Structures are given as C-alpha cells and as structure tokens.
Amino acid sequence: MITFSVLALVFGVVFLAELPDKTALAGLVLGTRYRASYVFAGIAAAFLLHVVLAVAAGSVLTLLPQRIVHAVTGVLFLGGAAMLLLKKDDGEEEIRRPEDQSFWKVAGTGFMLILVAEFGDLTQIMTANLAARYDDPLSVGLGAVLALWAVAGLGIVGGKALMRRVPLALITKVAALLMAGLGVWSLWEAVV
C-alpha cells in the first residue's frame with residue numbers, strides 16, 4: 001500500500017536535492033542534441049535502477065534497532081545538507097555523441113551517463129536513508145523515482161528557462177534546509 005504523505009515528502013526532498021545536480025544539465029545537453037523521448041528513456045531507466053538499489057539498501061537498514069537507524073540517518077542527512085551547501089560547481093562534462101540517432105544509441109548514452117554519474121550520489125544515499133527511516137519501500141521508491149524523472153524531464157525540456165527564473169543557489173539552500181530538518185528530526189527521535 002502506498003502512503004501518500006511519505007511519497008510526497010520523498011518526492012519533495014529528492015526533487016529539490018537533484019535540481020542543482022549536474023543531471024539536469026546533462027539532460028539539457030543531451031536533449032538539445034537528440035530526440036527528447038530517446039534521451040528521457042535512457043535517463044529514466046538508469047534512475048529506476050538507482051532507486052531500486054537505494055531502496056534495497058535502505059530496507060536492509062530497517063533490520064537494525066530503530067534508535068540506531070534514526071541516529072545513522074540523522075547524521076547522513078546532516079552530512080548531505082553540508083555537502084549541498086559546500087559543493088562547488090565543477091562545470092560542464094563532455095558527452096560523447098553517438099554516431100547515429102537510433103533509439104538504442106541515444107537511450108544507451110543517456111543511460112550510461114546517468115548510471116555512472118549518479119552511482120553513490122547524494123540522492124541515492126538520501127533515498128536509502130528515507131527507505132530506512134520510513135520502512136515503506138514502495139512509497140519511498142515511487143516518490144524518489146518520480147522526483148528523479150521530473151528533474152530529468154525538466155532538464156531535457158525546460159532546464160534553461162527554469163534556471164533563469166529560479167536561482168540555483170536558492171534551490172540548493174532550500175534542499176539543504178529540508179535535509180538538515182530531516183537530520184535533526186531523526187537525531188531527536190534517536191535520543192528520545
């Protein structure tokens with residue numbers, strides 16, 4: 001059964017944390033070079049794989065005592081908030097262009113780019129933390145994958161326009177604030 005409140009919370013946190021990431025930029029670059037639907041298919045498949053791995057890891061954490069899980073997730077959320085605030089923009093990465101524009105070449109390029117770039121990324125770790133915290137793998141997984149797909153879609157179709165209207169620094173600060181709040185809440189629950 002899906003818990004809408006958990007799904008919505010996960011969606012919001014993961015969406016805000018992923019927006020300032022290089023994934024939106026990679027989707028934008030690929031989307032300007034290739035057919036958007038092909039790019040999205042590859043990126044969406046890679047994100048789905050990442051979320052499944054993260055939720056599985058988080059579900060294993062639920063086997064530990066609740067106080068330990070709350071303490072660990074609290075520290076990891078606070079670390080994630082610090083990483084967001086201290087992260088430096090490392091510029092645009094070079095993306096190889098497939099020789100042809102076939103679905104498999106373009107989707108494969110998007111898939112491999114995201115698979116490699118996002119493995120062990122902050123949002124994947126955050127998704128594992130949320131899965132451990134809420135012990136609701138379906139709601140957490142669905143919220144995370146929908147958020148990642150939404151960011152990818154925005155990056156592919158309208159990334160430039162969004163970034164002109166909403167400062168990246170503001171998005172990063174809001175995501176860091178949400179993560180810090182979740183971290184403090186988790187630590188509070190570990191102590192009480």
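These legends describe close-up views of a predicted model. Local features need pLDDT of at least 70, side-chain atom pairs count only at pLDDT 80 or more, and totals for chains, interfaces and linings use all residues. Residues are numbered from 1 along each chain as its sequence is written, and side-chain values use heavy atoms, with hydrogens and water left out.

**View 1. Phe11 and Phe15 form a stacked aromatic pair.** A search of the whole structure finds four aromatic pairs. Rings of Phe, Tyr and Trp (its six-membered ring) pair if their centres lie within 6.5 Å; planes under 30 degrees apart count as stacked, over 60 as edge-to-face and the rest as tilted. For Phe11 and Phe15, the centres are 5.6 Å apart and the planes 15 degrees apart. Both residues lie in helix α1 (residues 4-18), four residues apart, about one turn of the helix. Helices are DSSP runs (H or I, at least four residues), numbered from the N terminus. Phe11 is partly exposed at 28% relative accessible area, and Phe15 is buried at 17%. Buried means under 20% relative accessible area, exposed over 50%, partly exposed in between (1.4 Å probe, protein chains only).

**View 2. Phe40 and Trp149 meet edge-to-face.** Their ring centres are 6.5 Å apart, with the planes at 70 degrees. Phe40 lies in helix α3 (residues 36-61) and Trp149 in helix α7, so the pair ties together parts that are 109 residues apart in sequence. Phe40 is partly exposed at 29%. Trp149 is also partly exposed, at 28%.

**View 3. His50 is buried in the model.** His50 lies in helix α3. Its relative accessible area is 4%. A polar contact of 3.0 Å joins the side chains of His50 and Gln124. Such a contact is a pair of N or O atoms within 3.5 Å; within protein, one must be able to donate a hydrogen and the other to accept it, and residues adjacent in sequence count only if both atoms are side-chain atoms. The backbone oxygen of Leu115 lies 3.2 Å from a polar atom of the His50 side chain. Beyond residues up to four places away in sequence, His50 touches Ile114, Leu115, Glu118, Phe119 and Gln124. Contact means heavy atoms within 4.5 Å.

**View 4. Asp135 has a positive phi.** The angle is near 45 degrees. Most residues other than glycine have a negative phi. Asp135 sits in the loop between α6 (122-134) and α7 (137-165). Asp135 is exposed, at 53% relative accessibility.

Methods:
Helix = DSSP H or I, 4+ residues; strand = E, 2+ residues; numbered from the N terminus.
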